[in-house]
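Here is a short tour of one structure, written for someone who likes to have the model open while reading. Please have a look at it first.

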Amino acid sequence: MSKAAITGVHGYVPDYVLTNAELERMVDTNDEWITSRTGIKERHILKGEGMGSSHMGAKAVAGLLEKTNTRPEDIDLLICATTTPDYVFPGTANLICDMVGIRNIGSFDIQAACSGFLYALTIGSQFIETGKYRKIVIVGADKMSAIIDYTDRATCVLFGDGAGAVLLEPNEDGFGVIDSIIKSDGVGQNHLYQKAGGSRYPPTHETVEKRWHYVYQDGPAVFKFAVKNMADVSAEIMERNHLAGSDVAWLVPHQANKRIIDATAHRMGIESDKVMMNIHKYGNTTAATIPLCLFDYESQLKKGDNLVLAAFGGGFTWGAAYVKWAY
């Protein structure tokens with residue numbers, strides 16, 4: 001059976017850089033506190049009226065099509081993972097397709113918070129494996145600055161904006177998405193969420209005044225769940241595929257917190273020099289973190305490398321994938 005191989009990757013982050021020094025002037029925090037607890041030094045912020053996640057996603061997809069010499073009319077399906085869609089509807093995937101000239105195909109959004117890219121990759125790979133489609137674009141794009149309260153020092157230091165995209169194509173030689181696991185547990189719904197803006201609490205003067213349209217996070221609870229579940233699912237994907245730490249060329253973890261990443265790598269028996277890390281540059285870009293890691297480290301990847309992708313997000317959602325790099 002064909003596997004869904006990643007045959008190209010591209011990323012995009014906005015020009016504006018929000019540094020820890022600038023945040024020190026906005027809230028009661030400091031560079032040492034942020035860096036020691038999260039590993040973040042700066043994050044990129046999308047500026048400009050009417051600019052949304054789709055604009056970053058379109059930049060990533062356009063770059064991906066160009067570098068892989070792929071025509072828009074050759075794409076069979078586009079899936080966008082995002083927690084910050086431009087609109088309630090139409091889907092951000094539809095908007096991205098329109099911006100890059102992709103017409104008359106299926107496109108839809110996936111909402112699994114920070115695990116969204118892994119969920120979308122898992123779904124997309126099924127269409128390749130069954131032979132239904134031959135060229136699929138998976139996008140992770142989030143404008144987290146749109147839902148961050150920049151008076152809340154607990155959350156405003158964590159998040160940034162960005163997008164990343166990969167091209168999936170059939171591979172008969174054993175390269176690609178070998179295995180994946182996705183999980184969720186609604187017990188975490190009130191530990192990390194945006195209370196208003198959906199059908200349960202539509203926008204009103206009251207919801208705005210109560211600041212319910214911003215991200216709320218119970219930091220200690222999220223940290224505890226993330227450390228356990230991201231490490232557990234990464235160990236599970238390795239055990240299922242008979243992989244030891246020495247067999248893994250790279251761990252590609254969701255970039256939420258350096259301490260969570262370190263704990264996951266330790267559980268997997270993977271040395272720090274085999275862990276993709278760019279949280280210091282971008283912060284947590286939610287669904288974009290994993291493809292942005294692949295984009296940043298692309299030049300260091302070799303054909304046949306064993307990669308373990310791992311993520312944890314609000315909901316709670318989490319997952320892991322075993323990918324054998326194809327180029």
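## About the model

This is a predicted model, in which local features need pLDDT of at least 70 and side-chain atom pairs count only at pLDDT 80 or more, while totals for chains, interfaces and linings use all residues. Residues are numbered from 1 along each chain as its sequence is written, and side-chain values use heavy atoms, leaving out hydrogens and water.

Strands S4 (residues 77–81) and S5 (residues 106–110) pair in the parallel sense over five bridges. Strands here are DSSP E runs of at least two residues, helices are H or I runs of at least four, and both are numbered from the N terminus; pairing takes at least two DSSP bridges. Leu78 has Ser107 in S5 as its bridge partner.

## Nonpolar cores

A nonpolar core is a set of buried Ala, Val, Leu, Ile, Met, Phe, Trp, Tyr and Cys residues joined through side-chain atoms within 4.5 Å, with buried meaning under 20% relative accessible area (1.4 Å probe, protein chains only). In the largest core, of 74 residues, Leu294, Leu307 and Leu309 touch the most other members. Apart from it lies another core of 21 residues, including Ala58 and Ile75.

## Asp149

Asp149 sits in the loop between strand S6 (136–143) and helix H6 (153–156). Is Asp149 buried or exposed? Asp149 is buried, at a relative accessible area of 10%.

Definitions and conventions. Buried means under 20% relative accessible area, exposed over 50%, partly exposed in between (1.4 Å probe, protein chains only).
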